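Good morning, and thank you for joining this meeting.

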Amino acid sequence: MAATIFNDAQLEVLRMMSVFNTPEAVSDLKQAISNYFAQKAESEIDKLWADGTLTERKVESFRTLHERTPYK
């Protein structure tokens, strides 16, 4: 069996987990992580909008976008 090697960030998260000992605390942590990634996504979308990569026309084209894998 291969050993798992954690990077510094992963080790820090594991150390922090020792204080999350109730379901409410875990729920709060999940919400905080979700908020963090939502903020990052919003920031990236704002950048795309500001530099013209994302436009109203492009957003409207998503309405008819079909990228499903065809299965026969």
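Which residues make a nonpolar surface patch of about 370 Å²? The patch is made by Trp-49, Val-59, Phe-62 and Leu-65. By patch I mean residues with over 30% relative accessible area and no salt bridge, where like charges are joined within 9 Å and nonpolar side chains (Val, Leu, Ile, Met, Phe, Trp, Tyr) within 5 Å. Accessible areas come from the Shrake-Rupley method with a 1.4 Å probe, and for residues only the protein chains shown count as cover.

Please note that this is a predicted model, in which local features need pLDDT of at least 70 and side-chain atom pairs count only at pLDDT 80 or more, while totals for chains, interfaces and linings use all residues. Residues are numbered from 1 along each chain as its sequence is written, and side-chain values use heavy atoms, with hydrogens and water left out.

Let me turn to the overall fold. The chain has three helices and zero strands, where helices (H or I, at least four residues) and strands (E, at least two) are DSSP runs numbered from the N terminus. Along the sequence the pattern reads α-α-α. The radius of gyration is 20 Å, well over the 11 Å that the globule rule gives for 72 residues, so the chain is more spread out than a compact globule. That radius is taken over C-alpha atoms, and the globule rule is 2.2 Å times the number of residues to the power 0.38. Along the principal axes, the C-alpha atoms fill a box of roughly 50 × 40 × 25 Å.

Next, the surface. Of the 72 residues, 3% are buried; buried means under 20% relative accessible area, exposed over 50%, and partly exposed in between (1.4 Å probe, protein chains only). The chain exposes about 7,100 Å², and carbon and sulfur atoms supply 58% of that area. Val-59, a member of the patch, lies in helix α3, residues 56-61. Val-59 counts as partly exposed because its relative accessibility is 31%.

How many salt bridges does the structure hold? There are three, a salt bridge being a side-chain nitrogen of Lys or Arg within 4 Å of a carboxyl oxygen of Asp or Glu. In general, side chains of opposite charge can pair when their charged atoms come close.

One of these bridges joins Glu-12 to Arg-15, with the closest N and O atoms 3.4 Å apart. Both residues lie in helix α1 (residues 8-16), three residues apart, about one turn of the helix. Glu-12 is partly exposed at 37% relative accessibility, whereas Arg-15 is exposed at 51%.

Another pairs Glu-44 with Lys-47, the closest N and O atoms being 3.3 Å apart. These two residues are in helix α2 (residues 23-50), again three residues apart, about one turn of the helix. Glu-44 is partly exposed, at 44% relative accessibility.

There is also a bridge between Arg-63 and Glu-60, whose closest N and O atoms are 2.8 Å apart. Arg-63 counts as exposed at 66%, and Glu-60 as partly exposed at 36%.

Asn-35 is partly exposed, with a relative accessibility of 42%. The C-alpha atoms of Asn-35 and Phe-62 are separated by 24 Å, and the two residues are 27 apart along the chain.
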